[in-house]
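Me: Could you walk me through this structure, one feature at a time?

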Amino acid sequence: MITWEYIKGLSSGAVGLIAAIFIYLSLSRLIQIKEKWWTKGLMLVGCWITSFTIIYIGDWFNLPCTMSFFLFVMWMTCEGSGLKKFTLGLMFACTIFAFNGLYDNCIGFAAHYSQNDSFYDNMYLVGRLIFAVFLYLSIRFRKTESNFELSVPLWRLMLSLSLPPLGIMLSLILLRSPYQTIGATVIADAALFLVVMLSFAGLLRALSVLERQQRLEWESTLALQNQSYYEAMEAQQFEVRRLRHDMTNHLQALLALPEQQKNDYIMGMMDNPAFVQTLSWCGDPTINAVLTVKENLIRQKGIHFSVKIDIPHALPFEKADICAIFANALDNAVENCIKLDESLRKIHLEAKIGKGILAVKIENTCPDASVSKGQLPKTTKKDTKNHGIGLRSIQKTVNKYNGNIEMKQEKQSFILFLYLPLET
């Protein structure tokens, strides 16, 4: 027989699960959770326990144990640096615990003092749910991507700024006697809990501002690098045309030189990049210039380079952006190939236009490259700050033209595929 208590228990469980889901969704807006069923399940359990932990003033058990468990769950289930996981986990958990302390102590005392204990008990889980929904809505419209990453000094700064409100909350909960009458300090306690909540809310907002500022700096650096790359390539091509135009003067100089000096002069001319053959790979002159330069460098590395391009006319994109895509993609492919024996080094480039879309596929051999879903692979060079910028440049350019980029690993081959709509 179904009783009221049974129905009440089911409804309480449903409310608890929904609140945990909103906490989970809020956290997933700040940090990327690993794409495995057990990591998502463990994170959901961690959110449920953290959300419904009872925080009483003077209780030395619930707060330390639950916070330790939540930080462990963050470490096991989330992507990103250890400093990011620890700092975000600490900030997020403390925001929830501050509300729990306010709700369990101050609001609970106010309900008891006004003789509304029954109403408070019935609405206890609903109050937790309302907070979870409010937390989600406050984070929902942030523009920060879940896989954002700040520099180490900035994460250390955010961690140090988290310590004062954390100290206030720990002092308020752990350093008070459990036998002290809360009614004497209920207003002060409520004010301190609100200060802690607002402090962490401000820190979460500061994260968004810092991430946006760092992203703007990256985009500025990428734009300058792409423009410099294209200008350097243009300068080299201009030098090619100029020296070829001066070929008559070179021939006249050769006629006037002795035999030995003539041979040295000819060898010097052959080593000049201006006399490298400029190949016509397709109908876009920028792609032709990039591939002419890169083809020579790729051959020097002992890499087998094959190209299949079907682009009959110039592309409707900025030349610096075209250069950024093809040059950076080929540089990344070369970086992977040179880790292998020379007999295994291969790069294959395909590009074609069809149905209003430019599709580009670059496949290269590599020893091993794990690529997480939706993430760019990390460079293996020591100077990750500068060398990782090439992949970000590709991503930024693809996003600029509303395109898409995919990367995957197949045995010893890394494949980068992207497409750009020709009409943007």
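Reply: Happy to. The protein averages a pLDDT (the predictor's confidence in each residue, from 0 to 100) of 79, and 74% of the residues score at least 70. Over residues 370-376 the pLDDT is below 50, and over residues 378-388 pLDDT stays under 50 as well. Where pLDDT is low, predicted coordinates should not be read in detail.

This is a predicted model, in which local features need pLDDT of at least 70 and side-chain atom pairs count only at pLDDT 80 or more, while totals for chains, interfaces and linings use all residues. Residues are numbered from 1 along each chain as its sequence is written, and side-chain values use heavy atoms, leaving out hydrogens and water.

Me: Which residues touch the most other members of the largest nonpolar core?

Reply: In soluble globular proteins, nonpolar side chains tend to be buried together. A nonpolar core is a set of buried (under 20% relative accessible area, 1.4 Å probe, protein chains only) Ala, Val, Leu, Ile, Met, Phe, Trp, Tyr and Cys residues joined through side-chain atoms within 4.5 Å. Here the largest has 59 residues, and Met43, Met67, Met74, Phe92, Met169 and Leu207 touch the most other members. Its largest share, 14 residues, comes from H4 (helices are DSSP runs of H or I, at least four residues, numbered from the N terminus). Apart from this core lies another, of 39 residues, among them Ile303 and Tyr401.

Me: Is tryptophan 37 buried or exposed?

Reply: Exposed (over 50% relative accessible area): tryptophan 37 has a relative accessible area of 76%. Tryptophan 37 sits in helix H2.

Terms used
Contact means heavy atoms within 4.5 Å. Helices (H or I, at least four residues) and strands (E, at least two) are DSSP runs, numbered from the N terminus.
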